[in-house]
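This report goes through one protein model, topic by topic. Keep the sequence and the structure in view while reading.

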Amino acid sequence: MSTLDTLLNRNSHPRLTGPGPDATQLQMILQAASRAPDHGRLRPWRFVVIAGERRLSLGECFRESLALKGVVDEAQLEKAVKAPLRAPLLVAGLLHPVEHEKISRDEQGHAVAAALHAAQLAADALGFGCVWRTGGYATDPHVVEALGGDPGDQVIGFLYIGTREGPSKLLVEEPLESLVSYF
Ligand SMILES: Cc1cc2nc3c(=O)[nH]c(=O)nc-3n(C[C@H](O)[C@H](O)[C@H](O)COP(=O)(O)O)c2cc1C
């Protein structure tokens, strides 16, 4: 697939199964992420790979996150535990901001988002399905700490990556007229 084909045809695929990327493919996905535009080359990102049994540990952490917020509903807590099992492999992309007089935290967050999009496109180009999720866990210090982040870090996205299960969504034509203007 050409780069343009990948860019023009990417879509999210929430229904995923195994196999996920192997070590070489994962390496390519992460290399693609780290080619993202990054003002000042601050490298404000950290990528955490979660696969196999560790997905359940992350699920447990999600459950704790809800419990700490006062959620007691067992069904909701159980759903949180199982959430990371929706794909064989996850990549959490964390914003790990660097103090800089000119390059703001926001701008550094944009770089992490660009990196995650690149990772998503690389996964797509390798034939995998992928979906980007966040939710309340992304900014919860309990989850960030469990992922090895520092205080003040945040998860910009959890990429769920795996083999597509079922048909892909139909791509709808994007009407650009109302979104694009010429200055
Ligand atoms: C920053 C960000 C956070 C997102 N968080 C979630 C999420 O928590 N749950 C979800 O179902 N989709 C989430 N999405 C949206 C999906 O990843 C996806 O883009 C959306 O379902 C539209 O599908 P498409 O990518 O095929 O156009 C998020 C997207 C972004 C960019």
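## The ligand and its surroundings

The model is predicted. Of the residues in the shell around the ligand, two are nonpolar, five are polar and two are charged. The residues that surround the ligand are Asn 11, Ser 12, Val 131, Trp 132, Arg 133, Thr 134, Gly 135, Gly 157 and Lys 169.

Which strand gives the largest share of this shell? Strand β4, residues 129-133, does so, with three residues.

## The nonpolar core

As a general point, nonpolar side chains in soluble globular proteins tend to be buried together. In this model the largest nonpolar core has 37 residues. Leu 90, Ala 119, Val 155, Leu 159, Tyr 160 and Ile 161 have the most contacts inside the core. Two or more residues each come from α2, β2, α3, β3 (89-95), α5, α6 (141-146) and β5 (154-164). The element that gives the most is α5, with seven residues.

Leu 159 shows what such contacts look like. Leaving out residues up to four places away in sequence, Leu 159 touches Leu 90, Val 91, Gly 93, Leu 116, Ala 119, Gln 120, Cys 130 and Trp 132.

## Val 91

Val 91 is part of strand β3. Is Val 91 buried or exposed? Val 91 counts as buried because 27 other C-beta atoms lie within 10 Å, and the cut-off for buried is 20 or more.

With residues up to four places away in sequence not counted, Val 91 touches Phe 47, Val 49, Ala 119, Leu 159 and Ile 161. Val 91 and Phe 47 are 44 residues apart in sequence, but their C-alpha atoms are 6.4 Å apart in space.

## Helices α3 and α4

Two packed helices are described by the angle between their axes and the distance between the axes. For α3 (residues 54-68) and α4 (residues 74-82), the axes come within 6 Å and cross at roughly 145°. The crossing of α3 with α4 is right-handed.

On the α3 side, the residues that meet α4 are Gly 59, Glu 60, Phe 62, Arg 63, Leu 66 and Ala 67. Their partners in α4 are Gln 76, Leu 77, Ala 80, Val 81 and Lys 82. The residues of this contact comprise six nonpolar, two polar and three charged.

## Backbone features in the loops

Most residues other than glycine have a negative phi, and most peptide bonds are trans. Some residues of this model depart from that pattern. The peptide bond from Gly 18 to Pro 19 is cis, with omega near -5°. Pro 19 sits in the loop between β1 (16-17) and α2 (23-33).

Arg 41 is not a glycine, yet its phi is positive, about 45°. Arg 43, also a residue other than glycine, has a positive phi near 50°. Arg 41 lies in the loop between α2 and β2 (45-51), and Arg 43 lies in the loop between α2 and β2 as well. Arg 41 is exposed, with 8 other C-beta atoms within 10 Å. Arg 43 is partly exposed, with 14 other C-beta atoms within 10 Å.

## Gly 127

Gly 127 belongs to the loop between α5 (105-125) and β4. Gly 127 is classed as exposed because 11 other C-beta atoms lie within 10 Å, and the cut-off for exposed is 12 or fewer. In sequence, Gly 127 and Gly 162 are 35 residues apart; in space, they are 9.0 Å apart from C-alpha to C-alpha.

Technical notes: Residues numbered from 1 in each chain as written. Predicted model: local features only at pLDDT ≥ 70, side-chain atom pairs only at ≥ 80, totals over all residues. Helix = DSSP H or I, 4+ residues; strand = E, 2+ residues; numbered from the N terminus. Near = placed C-beta within 6 Å. Nonpolar A, V, L, I, M, F, W, Y, C, P; charged D, E, K, R; others polar. Axes fitted to C-alpha atoms, helices over the stretch in contact; angles between N-to-C directions. Left-handed = near helix turned anticlockwise from the far one by under 90°. Contact = placed C-beta atoms within 7 Å. Core = buried A, V, L, I, M, F, W, Y, C linked by C-beta atoms within 7 Å.
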